[in-house]
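Hi,

Here is the structure I promised to pass on. Please have a look, and my notes follow below.

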Amino acid sequence: MKKLFIKETLNSPKVLFDPAKKRYEIAGKSFPENSRNFYQPVLDWFAELTEAEKSEKITLAFTFEYISSSSIITLKQMLAKIKSLKSKGWDIEVLWYYEQNDPDIKEIGEEYTKLIGLDIQMVSKT
Amino acid sequence: MYDLVRQGRKFMMRPIIHIVRSFINFAGRNLFFNATKPFYFNLLTAEMKSSLLEEQYIGLLNRYNGPGKKVITSFHGQMDEERISVLTYTAEHQLDKEGARRGSVKKIFNILIEMLQNILLHGKVTEEVGNPFSLVIAQNVDEYELSCTNLVETELATKIANSLDELKKMNEKQLKTHYLEVLGNEQYSVKGGAGLGLITIALKCNNQFTFSSTPVNDKLSLFTITAVIFDK
């Protein structure tokens with residue numbers, strides 16, 4: 001598994017996939033002009049996982065402040081891909097962090113669980 | 001230097017537009033805002049066309065003079081991706097500084113992103129005037145009003161107006177159900193997010209939005225959408 005790092009900007013989140021340190025996170029604001037282009041490297045990363053990497057546990061943490069509607073659509077596709085990989089034997093856990101006073105972000109995580117049927121762990125930030 | 005000259009020319013154009021409007025009002029019909037085909041539009045220069053949007057912007061700003069009213073963030077100019085980042089950043093910090101509740105700030109931020117991205121993706125870019133738009137975020141006693149105006153093709157303006165009319169008929173539960181239906185079925189298009197953005201705006205302001213479309217010639221219209229967020 002290769003390392004993937006995309007620096008956070010005013011309209012796009014930090015992406016850090018670091019297999020050596022077992023850290024997988026996407027955090028920040030997500031409203032890039034073209035969310036499909038922005039998240040394509042992440043979608044490619046999942047597409048390049050090999051059979052040999054099935055034994056590696058991946059705990060992916062999402063911590064969003066804001067998500068635009070176009071990002072919500074692209075993230076849905078990413079989570080559907082993760083569900084597909086899980087059903088084929090890859091060990092991927094998804095954590096969805098939200099602030100207690102931010103019901104909107106919490107709701108988005110819950111909607112993904114309903115829509116995709118993926119087990120997403122909701123985690124309240126203290 | 002060019003900007004100064006341009007500003008000067010715009011300043012000179014304003015009285016001319018006022019004269020045109022006065023003439024039309026004198027004739028008993030406010031064709032400037034209501035006409036289906038303003039006959040004089042094609043005679044105007046690019047600066048004057050841009051000024052039509054500026055006129056509307058200044059009119060909007062003037063609405064917030066008075067007790068309990070205050071403009072938080074406003075802008076009139078060209079749209080690009082960087083502009084969205086800067087305006088959302090500025091609006092969020094200004095709202096925090098003004099003591100808006102965190103919940104209200106989040107709602108305004110979400111609506112603002114959707115409105116600005118709609119303009120970036122669907123606004124009509126013309127050679128003469130680019131993709132101009134105006135934005136006003138203002139406090140009106142215990143509520144915030146967020147208003148965006150831009151140039152769109154009239155055909156698209158009609159389509160957006162029809163979609164917003166449909167959303168207006170829905171209650172909160174119906175809006176939420178519709179949102180999930182669209183999210184569940186929508187195929188991602190190159191322009192992205194069509195439909196979901198408007199539903200998001202309606203949801204975040206509890207359907208407290210208004211809109212208007214004003215034709216400026218036989219192809220283009222000025223489209224305005226205003227969302228109201230109660231600071232509770």
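How many salt bridges are there over all chains? The count comes to 19, where a salt bridge is a side-chain nitrogen of Lys or Arg within 4 Å of a carboxyl oxygen of Asp or Glu.

Some background: this is a predicted model, where local features need pLDDT of at least 70 and side-chain atom pairs count only at pLDDT 80 or more, while totals for chains, interfaces and linings use all residues. Residues are numbered from 1 along each chain as its sequence is written, chains are lettered from A and ligands numbered from 1 in the order written, and side-chain values use heavy atoms, leaving out hydrogens and water.

Between chain B and chain A there are 5 salt bridges. One of them pairs A:Lys29 with B:Glu92, their closest N and O atoms 2.9 Å apart. Through shared partners, A:Lys29, B:Glu92, B:Asp96 and B:Arg102 join into one network. The contact (heavy atoms within 4.5 Å) takes 30 residues from chain B and 26 residues from chain A.

Within chain A, A:Glu93 forms a salt bridge with A:Lys57 at 3.7 Å. A:Glu93 sits in strand S5 and A:Lys57 in the loop between helix H1 and strand S4, so the pair ties together parts 36 residues apart in sequence (helices, H or I of at least four residues, and strands, E of at least two, are DSSP runs numbered from the N terminus).

A:Lys106 and A:Glu110 also meet in a salt bridge, at 3.9 Å; both lie in helix H3 of chain A, 4 residues apart, about one turn of the helix.

Best wishes
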